[in-house]
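Thanks for coming, everyone. I'd like to walk you through one structure today, so please have a look at it on the screen before I start.

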Amino acid sequence: MKPRLLRLVPLFFVILSLFLSVSSTQFRGSDRAHSQRPLRDRAIQSDSWGIPDKDGGRGTRSAALAFDEATALLRKIRPASAPWWNFKKSGVLGTSAYYAKELFFLLFMNGPPQHDLLTTDPHPKKLGHSLSQAVKLLEEAAADKNPDAMFTLAEMNFYGNYTHPRNYSEAFRRYHELATLNGNASAQYMVGFMYATGIGGAVKQDQARALLYHTLAAEGGDIRSEMTVAYRYSSAIATPRNCEDAVYYYKSVADKAIKYTRSGPPGGHTLPRESYRIADEEGGIYGEGASVSSSGPNARHGSVVSDAYSSLDDVVEYMDLQARKGDLRASFNLAKLNYDGARSSQRNLPEAKKRFLEIARMYWTKDGKTKPNVSASTAKLASKAAGYLGRMFLRGEGMPQSFAIAKTWFTRGIEHGDALSQYSMGLMYLNNLGVPKDPVKAADFFGAAADQDLPPAQVRLGALFLDQGDVQTALKYFDLAARHGHLEAYYYLAELTRYGVGKDKSCPVASAYYKIVAEKAEAISTSFPEANDAYNDGDLETALVGYMMAAEQGFEVGQANVAYLLDQAKTRVTLSSLIPFMKRKAALASDAFLALIYWTRSAEQKNVDSMVKLGDYYLQGLGTSPDQEKAAACYQAAMEEVPPSAQAMWNLGWMHENGIGIEQDFHLAKRHYDLALETNPREAYLPVVLALYKLRFRSWWNTVTHGNVKSIQEEPVIKKDWSLSEWLAAFLEAEIAGWDNLEPDDYEETHMPGGDDDYGYDDIDSEILESLVILALTGVLAFLVYYRGQRQRRQEERRRQQQQQQQQQQQQQNQGQAPAGQPQQQNQQPQQPEDRGMFPHPNDPEFMNWAAGAIGH
């Protein structure tokens with residue numbers, strides 16, 4: 001042995017001894033935790049809760065005390081930290097580590113090293129000391145039929161709370177036991193959910209039992225089950241389609257959503273949208289450019305001055321720079337962003353107040369006087385800032401509630417026609433908030449704001465008209481507000497449509513309206529925020545469970561997310577699959593059948609990319625037997641939607657080319673390839689061109705060999721005869737379309753119920769006006785030239801007629817004077833017109849007529 005190796009032997013023994021000592025300590029601690037005696041075996045005083053009395057009441061008290069003690073222990077457990085591979089892209093080191101991790105997983109793992117999704121770990125880790133004690137206490141309380149303990153144990157096993165390992169079978173047993181014990185609606189919902197999905201293999205899928213338990217939970221008032229049952233009745237899932245039952249349950253959820261909204265501060269609770277398709281963050285299901293969500297009219301065209309590919313942090317940083325340079329518009333946008341918040345940023349009310357106040361002080365002094373020499377744009381932004389400041393004081397957001405100060409700011413905003421100030425002042429008069437109640441004044445303010453297309457004002461004004469019995473006027477305002485997605489507008493439309501008041505009675509339309517209301521109130525019925533946070537933290541299992549719950553409730557976004565995650569979890573050849581002890585089981589996470597179910601439900605709700613993906617599953621036989629005709633039907637449906645899918649068109653062209661699922665037809669194949677290129681000329685150019693080269697060669701060979709397939713035929717080009725009005729209309733449409741490809745600044749005008757969003761352009765583009773003026777002047781000039789030419793022709797005709805009359809009169813006079821006078825020449829030659837040449841002489845008065853474009857000189 002070499003001397004250097006001899007020096008390393010003591011170090012090796014030191015490390016080995018440390019490892020053995022740590023291991024033995026852990027095992028001893030674990031043994032103590034698992035060998036703890038149950039509470040009923042402890043020696044305690046006779047008056048304690050641990051010894052049951054003969055009357056049996058002591059057992060209930062002991063179970064409650066055990067639950068309280070377990071809860072206290074659970075509060076001491078620190079939540080699990082984020083996985084080591086979840087680096088944040090902040091700083092040089094963080095960014096380098098993030099991209100190094102992404103590159104490693106891309107090359108070797110094709111995904112983060114995730115535990116088997118939706119499966120029970122057969123070798124769970126040992127529980128910590130506090131957690132083990134808490135579980136024992138909860139089990140003892142559950143044995144005494146304590147509902148809180150039973151529910152807590154079920155939640156811990158299902159969600160993995162307090163670092164407890166997931167065990168879906170144990171969770172189902174606890175939920176089912178609690179649901180049977182006292183009809184707990186939450187437990188019934190969870191049992192129905194597990195029967196519907198078969199999650200974790202805890203129970204076999206049974207849609208009939210799922211509907212049964214969801215119905216029981218819905219009758220118990222569980223909102224999630226109410227939405228689930230309504231969706232199943234409206235979509236005929238495990239039950240015949242029943243519109244009336246769907247309306248009944250959707251209306252129940254909608255009533256609760258409206259009650260929650262109106263229970264908030266003046267103006268109601270805000271309902272931010274937390275749901276989004278996670279596939280769209282990556283450019284769609286098929287990636288950037290190939291998916292409908294990122295191609296065609298939805299494509300993002302980046303440029304030097306574009307924010308299409310910028311993150312919100314970059315946009316905020318740029319706006320902050322512009323605001324510090326004195327750009328009031330940028331400062332106002334930042335203030336709105338701080339007030340409204342966004343999916344990736346929380347609300348910052350103190351910062352919003354500070355920026356709004358800075359903008360308002362640009363126009364008003366502290367004592368309320370107007371500053372001189374202020375531009376109109378500054379006054380407009382100051383009035384908008386005044387509206388937001390008044391709203392914050394009215395609702396008590398970020399500051400104490402004060403109706404008097406709110407009225408002061410609203411008055412200032414109303415002086416400049418701010419819609420938010422008008423609407424908010426109407427609320428104060430309508431609800432007696434610091435001012436005498438006056439519905440007439442409130443209606444006047446609502447009408448002024450509604451004329452500026454403010455949705456909340458339109459809803460309030462419509463409700464006032466409805467109270468007065470003017471249903472048609474109320475419907476007009478509800479329809480206007482519904483265009484902008486206002487929740488209460490849809491609720492009123494649903495109520496009027498259901499009962500046939502002012503419009504035709506329609507159960508399907510009412511059901512659709514109630515569904516929109518129920519789904520807009522995400523805060524009371526869904527787990528989207530928790531699922532989004534889990535997905536961002538890399539906890540795919542928790543995210544998948546949350547999205548799956550929303551999917552069962554009928555949320556198309558949840559269905560698309562579940563299908564996408566399950567599709568991404570398909571088995572791949574990776575480094576982990578080659579090493580035995582790192583091999584991942586397919587299990588339910590890669591169950592193509594479950595993914596097929598959610599692709600189908602998403603496609604039924606008009607998700608075009610899901611339609612294409614559904615066709616792929618039928619074509620490849622994923623989760624079902626291969627069915628090429630169904631695949632072609634899915635592609636055809638995706639091609640006929642608006643906007644259409646270029647991917648579906650290309651797939652149909654390929655199927656026509658090869659005769660898969662449909663008749664082989666080279667001519668129809670070319671037509672579909674051409675349609676794909678026409679629909680998405682930017683991203684589909686290369687694949688379509690290559691496919692057309694191959695197709696033309698096959699068509700030529702088919703023609704030469706006299707094959708049975710219909711070859712490509714040149715279609716005759718039909719030229720359309722354009723009239724002047726049609727040509728002008730087409731020209732104007734093309735001109736306007738060229739200027740419609742503007743990129744909206746999403747961060748500039750975020751939606752806020754009761755806000756003063758600008759839903760259209762204030763001014764028509766100046767260059768379009770110039771084109772219209774030029775066309776008008778050209779038309780006027782052409783008309784004048786034509787009119788002048790016609791006028792000169794008429795003058796020339798009259799002059800010729802006069803000459804002919806004079807000649808006839810002269811001839812008659814000559815004929816009458818011939819016998820008396822000297823004989824005149826009988827054969828008089830007719831007068832020849834003067835040869836004036838091709839062009840008039842410059843001194844000729846007719847020269848100016850020719851120079852102006854007239855003829856007939």
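Let me begin with a term: a polar contact is a pair of N or O atoms within 3.5 Å; within protein, one of them must be able to donate a hydrogen and the other to accept it, and residues adjacent in sequence count only if both atoms are side-chain atoms. Some ground rules too: this is a predicted model, where local features need pLDDT of at least 70 and side-chain atom pairs count only at pLDDT 80 or more, while totals for chains, interfaces and linings use all residues. Residues are numbered from 1 along each chain as its sequence is written, and side-chain values use heavy atoms, with hydrogens and water left out.

With that term in hand, let's visit serine 711. Its side chain is joined to that of asparagine 702 by a polar contact of 2.8 Å, and the side chain of threonine 703 makes a polar contact with the side chain of serine 711 at 2.9 Å. Serine 711 sits in the loop between α31 (685-704) and α32 (724-738). When I name helices like that, I mean DSSP runs numbered from the N terminus: H or I with at least four residues for helices, E with at least two for strands.

Is serine 711 buried or exposed? Its relative accessible area is 14%, so serine 711 is buried. For the cut-offs, buried is under 20% relative accessible area, exposed is over 50%, and partly exposed is in between, using a 1.4 Å probe and protein chains only. If we set aside neighbours within four places in sequence, serine 711 is in contact with Phe666, His667, Ser699, Asn702 and Thr703, where contact means heavy atoms within 4.5 Å.

Now let's step back to the whole chain. How many helices and strands does it have? The protein chain comes to 34 helices and zero strands. Of its 857 residues, 40% count as buried. Taking contacts between residues at least 6 apart in sequence, 56% join residues at least 24 apart.

One helix I'd like to zoom in on is α6, residues 168-182. The buried residues in α6 are Tyr168, Ala171, Phe172, Arg174, Tyr175, Leu178 and Ala179. They cover an arc of only 165° around the axis, so they lie on the same side of α6; the arc is that of the directions from the helix axis to the C-beta atoms. And what covers them? The cover includes α4 (129-143), α5 (147-159), α7 (185-197) and α23 (540-552). Just after α6, glycine 183 takes a positive phi of about 65°.

Staying with backbone angles, two residues have positive phi without being glycine. Threonine 163 has a phi of about 65°; it is in the loop between α5 and α6 and is partly exposed at 25% relative accessibility. Alanine 236 has a phi of about 60°; it is placed in the loop between α9 (223-235) and α10 and is partly exposed too, with a relative accessible area of 32%. There is also a cis peptide bond, from valine 642 to proline 643, with omega near -5°. You'll find proline 643 in the loop between α28 (628-640) and α29 (646-658).

Next, the cysteines. The structure holds one disulfide, meaning a pair of cysteine sulfur atoms within 2.5 Å. Cysteine 243 and cysteine 507 form it, with their sulfur atoms 2.1 Å apart. The torsion about the S-S bond is about -115°, so this disulfide is left-handed. The pair links distant parts of the chain, cysteine 243 in helix α10 and cysteine 507 in helix α21 (residues 507-520), 264 residues apart. Cysteine 243 counts as partly exposed at 24% relative accessibility, whereas cysteine 507 counts as buried at 19%.

Last stop: an unreviewed UniProt entry annotates residues 768-789 as "transmembrane region". UniProt positions are given here in the numbering I've been using, feature names are shortened, and annotations may be inferred rather than shown by experiment. In the model, residues 768-789 are 100% helix and 0% strand, with the end C-alpha atoms 32 Å apart.

That's my tour, and I'm happy to chat about any of it.
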